[in-house]
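Let's take a walk through this model together, with a few stops along the way. Please have the viewer open and follow along.

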Amino acid sequence: MLRKFFQKINNLFSLSTLEKVYFIGFCVLLGTLSWYQLFRGEYYFQRAKNNYLKVLPLSSMRGEILDRNGISIAYDRAEFNLGVIPYQVKTIKDSLFQELSDYSSLSVGSLNKNYRRNLSSFFSPVDIITNVDKTKALELNEKFSDSLVITTRPQRYYSNPYAFAHILGYVKQAKSFYEQLKSYGYSPMERVGFGGIEQFYDTYLKGSDGGELVEVDSHGRIMGYLGQQRPQKGKDIYLTVDSLVQQAAYESLGDRPGAVILMNADNGELISLCSRPAFNPNSFIEGKNTSSFLNNSKSPLLNRALQAKYPMGSTFKPIVAVAALEEDKSKSSTTFDCNGELRLGIAKFRCSHVHGRQNLFEAIAHSCNVYFYNLGLKIGPDALSRWARKFGLDSLTDVDLPFEARGFVPDVRWKQKKLKSNWFAGDTVNFSIGQGFMTATPLATMRAMNVFASKGYLVKPQLIKKIDSVESGAIDKTYLGISERTLEKVSQGLRETILREDGTARILNRLNLKFSGKTGTAQNSGRPHGWFIGFFSYQEKTYTICVLLEHGGSSYEAVKIAYYFVKKITENKIL
């Protein structure tokens, strides 16, 4: 038949025409073969190779996170799963899932959902029942031994989840964000840190996955094991935080939104860094309903210690006092008379009490607004802005956590440029008591107070004590160049806040810890924010503390929390 076809073709065309046709056809065939051999040969060789060699991934263990005393607060534990190998069950999947559903508490829909979600390869185990009790896993595996396989994989677990939630963050599989992460070397099933230490030190914690190289046939069936690369565990991280102190800080806030921070004044080690309300990071890992956190109007995912900004209120006054003394605008003995208010034209700026004539020490101890109104007007807005920035109130502290917010320090030019308005004396008056446009995070506010505790240094707060066996040992601090005399004068005022019978934080004197500090009641929309920032000596060390109560009313509520928190950790000797 083929011969008849060519005879018919030969009869239709001349010999020379046929020679040309055959020559062109030969060239096309030769060119095509050359293309595939020379240019696409490697591609098809790899495809052929991949068709019989497959890698079964082996997940690595993430590094453990421990507190300063070696107590584990985040670690991997084995999760038992039951899975199927798709090519083995392709003809019985529906009946198998129905039988499994009858025997377990999972619906067929849930089994199919897990199957679709976890399917990555036709020959690799696909988990359909996850995080199951070991006994139950063995029981099911025995009953369905021909169709089910038991797999184990490391799962993150947080032993003290709520108290440490904002420090630690959590982990999730990278596949949801794979397009953004693949250029960084992540595989789809690899876990990646979100928020907290888990994100900030993910490259140290994640380790590296391994795998088993297997040979499969044309149907995807495993025919033999060719080798294994063992996964490498990530590095362990030791925090500066003490888990008992952190728990005490968390409990001291009760159900009130706010933050409690405790830091070693000399080296910046954070002993506690607590924010409430908090969330359970285990819920994100186990895939439980997390909408209660994500859609919660109280914003439990917000780390109020460093991601939220508040007006500082009277906690700004010690910096105003430094500015006045260093700029030679006033002396500690200079007095102003407080009759309960300051008048500027028709405007009235009030004080909390009628304090009478006040010097610097009395004004700090009583938190007299009228004294600092007058002091601010003598200093002027430019110097106020300059000193606020010098104390780091509009800069990041660079603590080892992501998403830190930067505070804001206003100035005359900013108001003219952004608000199209002149700077008025009333702006300076508000600025001088920490109200108006200026905002700061609790962590930055505490670092500013720490300048007095550390004798003039701006100390960087830190959360890392060591990674594996390598000590951090880093102390990052900047000398601000404030005169010793100025620091002594302002520190004396901070001390009298505690010592005086009419000082605003006098109850802290009951602790006999040589406490100094400053209260603040920051006005805003709604109830005011309550502040206390201070420092104290304990067992030959100095600690700086910050308590912020969001819409917590009077600063006295913040002082009470500082009192009960420090009382608990010192009396129980957990500090």
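**Surface, backbone and cysteines**

At 65% relative accessibility, Lys573 counts as exposed (exposed means over 50% relative accessible area, buried under 20% and partly exposed in between, using a 1.4 Å probe and protein chains only). Before going further, note that this is a predicted model, where local features need pLDDT of at least 70 and side-chain atom pairs count only at pLDDT 80 or more, while totals for chains, interfaces and linings use all residues. Residues are numbered from 1 along each chain as its sequence is written, and side-chain values use heavy atoms, with hydrogens and water left out.

Lys573 sits in the segment after helix H23 (555-571); helices (H or I, at least four residues) and strands (E, at least two) are DSSP runs numbered from the N terminus. Most residues other than glycine have a negative phi, and most peptide bonds are trans.

Lys420 also has a positive phi, near 55°, without being a glycine. You will find Lys420 in the loop between helix H19 (412-418) and helix H20 (425-431), and it is exposed, with a relative accessible area of 70%. Patches are made of residues with over 30% relative accessible area and no salt bridge, joining like charges within 9 Å and nonpolar side chains (Val, Leu, Ile, Met, Phe, Trp, Tyr) within 5 Å. A salt bridge here is a side-chain nitrogen of Lys or Arg within 4 Å of a carboxyl oxygen of Asp or Glu.

For a nonpolar patch, turn to Phe23, Ile24 and Val28, which make one of about 320 Å² (areas by the Shrake-Rupley method with a 1.4 Å probe; for residues, only the protein chains shown count as cover). Ile24 belongs to helix H2 (residues 15-39) and is exposed at 53% relative accessibility.

Back to the backbone: the peptide bond from Arg276 to Pro277 is cis, with omega near 0°. Pro277 lies in the loop between strand E12 (270-276) and helix H13 (281-285).

How many disulfides does the structure hold? There are 0, a disulfide being a pair of cysteine sulfur atoms within 2.5 Å. Cys338 is in no disulfide, and the nearest cysteine sulfur, that of Cys368, is 3.7 Å away. Cys338 is buried, at 1% relative accessibility.
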